[in-house]
Amino acid sequence: GVGAVFAAGTTVGTRELWVGNPARKIRDLTEEQVEKLSYQADEYVKLSKKFVGVMELGGNVSDEKLLESLSIMGVVEPGDPIAIDASPTGENPDGDEGGVTRR
């Protein structure tokens, strides 16, 4: 399990579920659970590849990459007219906190 803390020398067998601090074995995983975990891991990797290169050095993101990421996340639809406040402080003349605004 996430956050399990194992003592030095602990041996964990294949398809075992361990949890806690100190970690203890709860049970063996079923074949269905192993397949589901494998599927979820594969999907997570696929999703992560969509975001490779989104953040550039210093956290600066080009408008094009920002719009692509927002579209992938479902925040905006491709072609939606939006305004991006790119001020370094996140402040703009309207007094809000900046960010992405649909127009």
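User: By about how many helical turns are Lys 46 and Glu 43 separated in helix H1?

Analyst: Happy to start there, and please keep in mind that this is a predicted model. Lys 46 and Glu 43 form a salt bridge, with their closest N and O atoms 3.1 Å apart. Both belong to helix H1 and sit 3 residues apart, so the separation is about one helical turn.

User: Is Glu 43 buried, partly exposed or exposed?

Analyst: Buried would need a relative accessible area under 20%, and exposed one over 50%. Glu 43 has a relative accessibility of 30%, so the label is partly exposed.

User: Which parts of the chain does the salt bridge between Arg 15 and Glu 31 tie together?

Analyst: The side chains of Arg 15 and Glu 31 meet at 2.3 Å, N to O. Arg 15 is partly exposed at 38%, and Glu 31 is partly exposed too, at 41%. The two positions are 16 residues apart in sequence, so the pair ties the segment before strand S1 (16-19) to helix H1 (residues 31-50).

User: Which residues are linked with Lys 25 in a network of salt bridges?

Analyst: One link is the salt bridge between the side chains of Lys 25 and Glu 16, at 3.6 Å from N to O. Lys 25 is partly exposed at 39% relative accessibility, and Glu 16 is partly exposed at 23%. The network also takes in an Asp, and the residues linked with Lys 25 are Glu 16 and Asp 28.

User: What share of the contacts with a separation of 6 or more comes from residues 24 or more positions apart?

Analyst: A contact here means heavy atoms within 4.5 Å. Among contacts in the protein chain with a separation of 6 or more, the share from residues 24 or more positions apart is 5%.

User: And what percentage of the 103 residues is buried?

Analyst: For the surface side of the picture, the accessible surface of the chain is about 8100 Å², with 55% belonging to carbon and sulfur atoms. As for residues under the 20% cut-off, the buried ones make up 11%.

Methods: Residues are numbered from 1 along each chain as its sequence is written. This is a predicted model: local features need pLDDT of at least 70, side-chain atom pairs count only at pLDDT 80 or more; totals for chains, interfaces and linings use all residues. Side-chain values use heavy atoms; hydrogens and water are left out. Buried means under 20% relative accessible area, exposed over 50%, partly exposed in between (1.4 Å probe, protein chains only). Accessible areas come from the Shrake-Rupley method with a 1.4 Å probe; for residues, only the protein chains shown count as cover. A salt bridge is a side-chain nitrogen of Lys or Arg within 4 Å of a carboxyl oxygen of Asp or Glu. Helices (H or I, at least four residues) and strands (E, at least two) are DSSP runs, numbered from the N terminus.
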